[in-house]
Amino acid sequence: MVEFRNVSVTFKQNKNTVEAVKNVSFTINKGDIFGIVGGSGAGKSTLLRTVNLLQPLSSGDVLVNGSSIKDYKGAKLRQLRQNIGMIFQHFNLAENKTVYENIAFVLKTADWKKNDIKNRVNELLKFVNLSDKADTYPSKLSGGQKQRVAIARALANNTDILLCDEPTSALDAETTASVLELLKEVNEKLGVTIIIITHELDVVKSICNRTAVMSEGTVVETGEVYQVFTNPQNEFTKQLIAHTQNFEIPPEIRENITGPVVKITYLGERAAEAVLSQTASDYNVRYNILHGKIEYIGSKPLGILYVNITGESSDVEQTIKALSEKTYETEVILSA
Ligand SMILES: Nc1ncnc2c1ncn2[C@@H]1O[C@H](COP(=O)(O)OP(=O)(O)OP(=O)(O)O)[C@@H](O)[C@H]1O
Ligand SMILES: [Mg+2]
């Protein structure tokens with residue numbers, strides 16, 4: 001659906017050149033909710049903007065629905081842009097237009113008939129659950145409501161692809177969840193392919209099926225979200241994920257602790273319990289659970305447990321070996 005082929009974008013300012021995107025290649029399939037993650041300045045927005053040619057390429061190519069972006073000109077380019085909707089962190093609504101007018105404007109520009117516009121806007125407002133706000137101005141809406149209007153507007157022309165540049169970064173956690181839920185509905189009910197840029201891994205974990213990780217202009221890893229989160233291949237990805245999963249052992253525990261602390265990662269909700277009780281009796285060790293949580297990636301659970309192990313040192317050693325074999329991953333993070 002969208003294929004990046006050796007895409008590079010270089011900005012020249014005075015004497016400086018910035019290689020914002022460097023030789024990026026990957027494919028987004030029809031029906032994906034595709035997450036592009038990475039830190040500030042990684043080149044995410046620049047890459048996303050190449051899809052509707054808001055950003056020209058320095059080299060390489062982008063194929064949209066099988067056609068090179070370079071072949072889109074004039075009326076064909078306008079048509080392409082109508083098929084690709086875009087939403088932003090700060091919503092970008094016209095403040096002097098009502099909710100209804102914000103959406104209708106897009107359709108007027110695309111030469112829709114008056115009656116069709118009315119029907120379509122009302123249908124969209126119903127879909128995003130804002131029928132009662134048709135005559136309201138954006139300044140009277142909450143952030144979440146503004147983003148819903150922006151989504152309705154982006155979909156107005158029966159859009160096939162929705163580009164989202166940090167769509168929830170200006171929203172609180174609860175509103176974020178409801179906007180993400182709406183985007184999932186857009187994908188599932190309307191069949192829209194969604195590309196989301198974010199620096200929040202939680203966004204990717206909750207709704208994306210595939211992801212690309214960007215660092216300093218390059219894509220360092222792509223894959224199925226569950227695969228990337230449970231088995232990252234690239235060092236940058238590993239650090240990014242570790243950063244969100246990190247548990248700092250409180251100093252008072254760290255000082256008084258005997259025996260190692262291990263981080264156990266397991267797939268499934270209850271997979272750790274049996275392993276812990278089995279190894280405790282096999283090797284005559286004791287476990288002290290310091291921290292534990294279960295994350296959901298899509299709807300699949302990934303468990304993380306921090307345990308302190310005490311007992312005879314050879315028994316503890318054997319236990320760690322057994323844990324390494326029986327869990328998804330066992331990592332000694334403090335060897336006391
Ligand atoms: N129009 C421009 N002119 C010059 N440099 C630019 C331009 N747009 C982006 N850049 C530079 O390109 C690099 C990538 O920027 P980009 O906005 O794509 O990153 P990003 O990953 O979206 O970051 P953020 O998470 O902060 O939005 C940065 O170094 C940025 O300063
Ligand atoms: Mg950006």
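# A first look at this structure

Helix 9 lies across strand 9 and strand 10, and it runs at about 105 degrees to strand 9. Welcome to a predicted model. The protein is divided into two parts, domain 1 (2-242) and domain 2 (251-334).

- Six strands make up an open sheet, and their order across it is 6-7-8-3-9-10, with mixed pairing.
- Which strands stand at the edges? Strand 6 (84-88) and strand 10 (218-224) do, and because each has a single partner strand, one side of each is left without a neighbour in the sheet.
- On average, neighbouring strands of this sheet are turned by 15 degrees against each other, ignoring direction.
- Strand 3 (residues 33-38) and strand 9 (residues 210-215) run parallel, joined by five bridges.
- Within that pairing, Phe34 has Arg210 of strand 9 opposite it.
- Helix 5 (residues 143-155) packs on the sheet, where it touches strand 6 and strand 7 (161-165). The direction of helix 5 makes about 165 degrees with that of strand 6.
- As background, strands of a sheet pair through backbone hydrogen bonds, in either a parallel or an antiparallel way.

**A residue of helix 9**

- Helix 9 spans residues 235-245, and Thr244 is part of it.
- Is Thr244 buried or exposed? It counts as exposed because it has 12 C-beta neighbours inside 10 Å, and the cut-off for exposed is 12 or fewer.
- Thr244 and Asp202 are 42 residues apart along the chain, and 9.0 Å separates their C-alpha atoms.

**How the two domains meet**

- The C-alpha centres of domain 1 and domain 2 are 40 Å apart.
- Where the domains touch, five residues of domain 1 are in contact with seven residues of domain 2.
- What gives the largest share of the side of domain 1 that touches domain 2? Helix 8 (residues 225-230) does, with four residues.
- By class, this side of domain 1 has three nonpolar residues, one polar residue and one charged residue.

- Strand 1 pairs with strand 4 (residues 59-64) in the antiparallel sense, over five bridges.
- In this pairing, Phe4 stands opposite Val62 of strand 4.
- Strand 4 also has an antiparallel pairing with strand 5 (residues 67-68), over two bridges.
- Leu63 has Ser68 in strand 5 as its bridge partner.
- Strand 4 and strand 5 form a hairpin with two residues between the strands, and in this hairpin Asn65 takes a positive phi near 50 degrees.

**Around ligand 1**

- How many residues surround ligand 1? There are 13, and the closest are Phe11, Ala20, Ser40, Ser45 and Thr46.
- Strand 1 (2-13), strand 2 (16-28) and helix 1 (44-50) are the elements that give two or more residues to this shell.
- Helix 1 gives the most, with three residues.
- By class, the shell holds eight polar residues, four nonpolar residues and one charged residue.
- Strand 1 therefore links two topics for a reader of this model, because strands count as paired when at least two bridges join them: strand 1 pairs with strand 4, and strand 1 is also among the elements that give two or more residues to the shell around ligand 1.

Key
Residues numbered from 1 in each chain as written. Chains lettered and ligands numbered in written order. Predicted model: local features only at pLDDT ≥ 70, side-chain atom pairs only at ≥ 80, totals over all residues. Near = placed C-beta within 6 Å. Nonpolar A, V, L, I, M, F, W, Y, C, P; charged D, E, K, R; others polar. Buried ≥ 20, exposed ≤ 12 C-beta atoms within 10 Å, placed from the backbone. Domains from an automatic or database assignment. Axes fitted to C-alpha atoms, helices over the stretch in contact; angles between N-to-C directions.
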